[in-house]
Amino acid sequence: MKNRYDVIVVGAGPAGSITAKTAASGGLSVLLIEKRQEIGDPVRCAEGVGKDALIKHIEPDKKWIAAEVKGSMILAPDGTEIKMSEDASSKKIGYVLERKVFDRALAQKAAMAGAEVMVKTRATGLLRNNGKVTGINAMYMGETQEIKADIVIGADGVESKVGRWGGIDTSLKPGDIETCAQFLVSNIDAGEYSKFFLGEKYTPGGYVWIFPKGENTANVGLGILGSKSGNVRAISLLQRFIDNYMPHAKILEIVVGGVPVSGPIKQTITDGLMLVGDAARQSDPLTGGGITNAMDAGKMAGEVCIRAKENGDYSVRTLKEYEDKWRASIGRELSKSLLVKNLLIKLTDEQLNQLAHSLNGIDVSGMELSSLLLVLFKKNPKLLWELRTLFNPRI
Amino acid sequence: MSVDVNRYKCGYCGACVGVCPVGALELVETWIEVDNTCTSCGVCAKICPVGALVVVK
C-alpha cells in the first residue's frame with residue numbers, strides 16, 4: 001500500500017469494484033478498500049438481477065450464476081397470479097447470483113485492471129485540505145494511517161459513513177428503508193420464476209420474494225417498510241411465512257439487511273468526493289434492486305475520475321458530470337419507482353386484489369413493469385390516479 | 001444514554017447505522033459500535049430486522 005493514490009474507493013461491492021476497475025483502466029492509480037476480511041461476505045442481498053443490465057458490465061460466468069429465471073410472478077393477497085416477462089421462446093431473462101463469488105469476481109476485475117485491493121481495511125475518517133476531501137484515515141489490521149487521494153469514492157453501502165463525513169446527509173428515515181430478512185432454504189420446489197407476494201397479510205409496506213437458486217433451493221425473504229414496522233421484526237414475519245407456506249423447507253443460511261428506498265437524494269458529490277451505489281441511495285425504491293444501478297453508477301463515477309485527472313480538477317465543477325449523468329438515467333427511474341412505491345404502500349389488500357383481477361383476460365406475460373403499470377392505470381384510473389404523471393398526459 | 005447491542009442476535013447488516021440521525025453507530029466487521037453522540041432516539045432499535053438493539057434511557 002502506498003500513501004497516495006489518484007482515487008481511493010471505500011467498499012468493494014459492485015459499485016466500488018466497477019468504479020475502481022473503470023478508473024484503473026483509464027490509467028489512474030486506484031486503491032480499493034474493503035473493511036471486511038472477505039469480499040462479498042456476509043451477503044445482504046436477494047441476489048436477483050436482470051440479464052441485459054448485467055451483461056453491459058461483465059460477461060456471465062457460471063461460477064457466480066446460481067440459477068436463471070424465466071421471469072417474474074406477482075401474487076396478489078388472494079393468490080391471483082400475474083406472470084410477467086416470459087419471452088415467447090422461453091428465453092431466460094434474469095439471473096439469481098451467488099453474490100459471495102460475484103463480488104469477488106468484480107473485485108478481481110478491478111485488480112486485473114490495475115487497482116490495488118486491500119481487505120480488512122476500514123476508513124475511519126476523511127482527510128481535508130481547505131475544505132476539500134484529500135484522502136482517508138484508514139485502519140488495516142488494527143494499524144491506522146493516512147492515505148491521500150485526489151478523489152475518494154464512498155461505496156460503503158447502506159451504512160455509509162463516507163458521505164456523512166463529507167458533509168452529505170445520507171441518513172435514512174424509517175420510511176426510507178426496507179428492513180429485510182431472508183433465508184436460503186432447501187427441500188423446496190422453487191420453480192423457474194422469481195415470485196413476489198404482495199399484501200399486508202404477508203408484510204407491511206414491502207413484499208415477500210422467492211428467488212430460485214437451483215437444486216431445490218431458493219432465497220426466501222421479505223422487507224418491511226421501516227415506518228410501518230411497529231414492533232414487528234422482519235425475521236419473525238419471515239419465519240411465519242415459512243411455517244405457513246413451506247413447512248418442509250430447511251434453512252441453510254440467514255441473511256438480514258436494510259435496503260434504501262428513499263429515491264434520489266439531494267447530493268452525492270462534494271469537492272474530492274463522490275458516492276455510488278447504496279451509499280448514494282441508488283437502489284430502486286419499488287423493487288429494492290440495486291446491483292445494476294450500482295454498477296452503472298460506478299462506471300459513470302470511474303469515467304468522471306478519469307476526466308478529473310485529465311483536467312487536474314477534482315472539485316464539484318468536474319465531478320458534477322457524474323451527478324448530472326446518474327440523475328438523468330438512474331435518478332429518473334428511481335423517481336418513477338418512488339412514485340409507484342408510495343402509492344402501493346397505501347393500498348389495502350382488497351385494492352391489490354382488485355388490481356390483479358382487472359388483468360383477467362389480458363396477456364401480460366411479455367410485458368415489462370412499465371407496460372404492466374400502464375395497463376393497470378388504464379383499467380383502474382381512479383385507484384391509480386397518482387401515477388398519471390408517469391404516462392402520456394393524453395391518457 | 002445509549003444502545004445495548006445483543007451481539008448474539010445481531011446479523012451485522014448495518015441497517016441501524018444507515019438510519020441513525022446523528023451518525024453515532026458504526027458497523028465494524030461483525031459488531032456495532034455506539035459512540036457518545038447517541039441520543040437514544042430509538043430509530044436503530046425500531047429498524048433492526050432481528051431485534052438486536054435495545055435503547056437504554
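In the predicted model, Ile74(A) stands opposite Ile82(A), a residue of strand β6(A). The pairing between β5(A) and β6(A), the latter spanning residues 81-84 of chain A, is antiparallel and comprises 4 bridges. These two strands form a hairpin with 5 residues between them, and within this hairpin Gly79(A) adopts a positive phi near 95°.

Strand β5(A) also pairs with strand β13, residues 193-198 of chain A; here the two strands run parallel and are joined by 5 bridges. Within this pairing, Phe197(A) of β13(A) is the bridge partner of Leu75(A). Strand β5 itself covers residues 71-75 of chain A and is mostly covered, with 4 of its 5 residues buried.

Helix α1 (residues 14-25) and helix α6 (residues 291-311), both of chain A, have axes that come within 7 Å and cross at roughly 30°. Because angles under 35 degrees count as roughly parallel, α1(A) is described as roughly parallel to α6(A). The crossing of these two helices is right-handed. On the side of α1(A), the contact is made by Pro14(A), Ala15(A), Ile18(A), Thr19(A), Thr22(A) and Ala23(A). Helix α6(A) contributes residues including Ile291(A), Ala294(A), Met295(A), Gly298(A), Lys299(A), Glu303(A) and Ile306(A). Classified by residue type, the contact between α1(A) and α6(A) contains 10 nonpolar, 4 polar and 2 charged residues.

Notes: Residues are numbered from 1 along each chain as its sequence is written. Chains are lettered from A and ligands numbered from 1 in the order in which they are written. This is a predicted model: local features need pLDDT of at least 70, side-chain atom pairs count only at pLDDT 80 or more; totals for chains, interfaces and linings use all residues. Side-chain values use heavy atoms; hydrogens and water are left out. Buried means under 20% relative accessible area, exposed over 50%, partly exposed in between (1.4 Å probe, protein chains only). Two strands pair if DSSP finds at least two bridges between them. Axes are lines fitted to C-alpha atoms, for helices over the stretch in contact, and angles run from 0 to 180 degrees between N-to-C directions. Angles under 35 degrees count as roughly parallel, over 145 as roughly antiparallel, 65 to 115 as roughly perpendicular and the rest as oblique. A crossing is left-handed if the near helix is turned anticlockwise from the far one by less than a right angle, and right-handed if clockwise. Contact means heavy atoms within 4.5 Å. Ala, Val, Leu, Ile, Met, Phe, Trp, Tyr, Cys and Pro count as nonpolar, Asp, Glu, Lys and Arg as charged, and the others, Gly among them, as polar.
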